[in-house]
Amino acid sequence: MADARQTVAIAVTGASGAVYATRTLAALLERGVHVELIVSDYGRRLLRDELGDQASVERLRDFLEARYGGSVAAGEINLHSNRDLGATIASGSHGCSGMAIVPCSMKTLAAVAHGLSRNLIERAADVMLKERRRLVVVPRETPMSLPQLRNMVLCAEAGATLLPAMPAFYQMPKTIDDLADFMAGKILSALGFEHELYPAWTGQARQP
Ligand SMILES: Cc1cc2nc3c(=O)[nH]c(=O)nc-3n(C[C@H](O)[C@H](O)[C@H](O)COP(=O)(O)O)c2cc1C
């Protein structure tokens, strides 16, 4: 179980897979984590397009509670404007232990790879890299161009964990939430949290 005072940044950008973001957020909140949340303009659109108006950023807390249960109340969300480059998490002096960009668009991937820091998501990611803290990038695109592949390599070389939105099927998922649980579990592991979001591999596939 995480230290209740632990702070993690979550960035949601305009790639498909908003449910990966909401499941990750809920899993962190259930652990009493303080989440510094940044959602890009297209991240806001994808939350609503894929999960409905009830998942709009302004109503996200209620959405998380309705979908994942009241235990999300154990944590806190501090929402930042992506335009606010003066936010706490824009500085390495802020005690944020790690950050996940989930899902991560190819545009934001490129910006992180090249250290552009034009908005708070890009800047906070740059801070994680320069401070040698955990940065988990969850890209989603298919197929991928050579520049996109190279940008992933650049991020990995800079110290980020590249964790593509590629759920596994050996756990015999039955629902979209099963797929989201798997990805959220991988993200929590990469951020250093223990979890039981999917069963550990036993050496044999579960029966369909
Ligand atoms: C419905 C929809 C789905 C999209 N899916 C993806 C995607 O899966 N991956 C991606 O890289 N971009 C995707 N895009 C394009 C990005 O949203 C776009 O490049 C945007 O500028 C990303 O900006 P952001 O990184 O600031 O959120 C999608 C756009 C829309 C409208």
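How closely do the axes of helix α1 and α7 come, and at what angle do they cross? Keep that in mind while we tour this predicted model, where local features need pLDDT of at least 70, side-chain atom pairs count only at pLDDT 80 or more, and totals for chains, interfaces and linings use all residues. Residues are numbered from 1 along each chain as its sequence is written, and side-chain values use heavy atoms, with hydrogens and water left out.

**Stop 1: the helix pair α1 and α7**

Select residues 18–30 for α1 and 176–191 for α7. Helices (H or I, at least four residues) and strands (E, at least two) are DSSP runs, numbered from the N terminus. The two axes come within 8 Å and cross at roughly 60°; axes are lines fitted to C-alpha atoms, for helices over the stretch in contact, and angles run from 0 to 180 degrees between N-to-C directions. That makes α1 oblique to α7, given that angles under 35 degrees count as roughly parallel, over 145 as roughly antiparallel, 65 to 115 as roughly perpendicular and the rest as oblique.

Now show the side chains in contact (heavy atoms within 4.5 Å). On α1 they are V19, Y20, R23, T24, A27 and L28, and on α7 they are I176, D177, L179, A180, D181, M183, A184, I187 and L188. Coloured by type, this contact of α1 with α7 has 11 nonpolar residues, 1 polar and 3 charged. Here Ala, Val, Leu, Ile, Met, Phe, Trp, Tyr, Cys and Pro count as nonpolar, Asp, Glu, Lys and Arg as charged, and the others, Gly among them, as polar.

**Stop 2: the sheet**

Next, colour the strands. An open sheet of 6 strands, paired in parallel, has the order β3-β2-β1-β4-β5-β6; two strands pair if DSSP finds at least two bridges between them. Its edge strands, β3 (76–80) and β6 (161–162), each pair on one side only. Helix α7 returns here: α7 packs on the sheet, touching β1, β4 (98–104), β5 (134–139) and β6, and its direction makes about 155° with that of β5.

Zoom in on β1 (residues 7–12) and β2 (residues 34–39), which run parallel and are joined by 6 bridges. Which residue in β2 is the bridge partner of V12? Pick V39 to see that partner.

**Stop 3**

Select α4 (residues 106–113) and α6 (residues 146–158), whose axes are 8 Å apart at an angle of about 45°. That makes α4 oblique to α6. Show M106, L109, A110, V112 and A113 in α4, which meet Q148, N151, M152, L154 and C155 in α6. The residues of this contact divide into 8 nonpolar, 2 polar and no charged.

**Stop 4: an aromatic pair**

The whole structure has 3 aromatic pairs. Rings of Phe, Tyr and Trp (its six-membered ring) pair if their centres lie within 6.5 Å; planes under 30 degrees apart count as stacked, over 60 as edge-to-face and the rest as tilted. Pick Y170 and W201, an edge-to-face pair at 5.2 Å centre to centre, with 70° between the planes. Y170 lies in the loop between β6 and α7 and W201 in the segment after α7, so the pair ties together parts that are 31 residues apart in sequence.

**Stop 5: backbone details**

Finish along the backbone. The peptide bond from V102 to P103 is cis, with omega near -10°, and P103 sits in strand β4. Another cis peptide bond joins T142 and P143, with omega about -10°; look for P143 in the loop between β5 and α6. Last, select R132, in the loop between α5 (120–130) and β5: R132 has a positive phi of about 60° although it is not a glycine.
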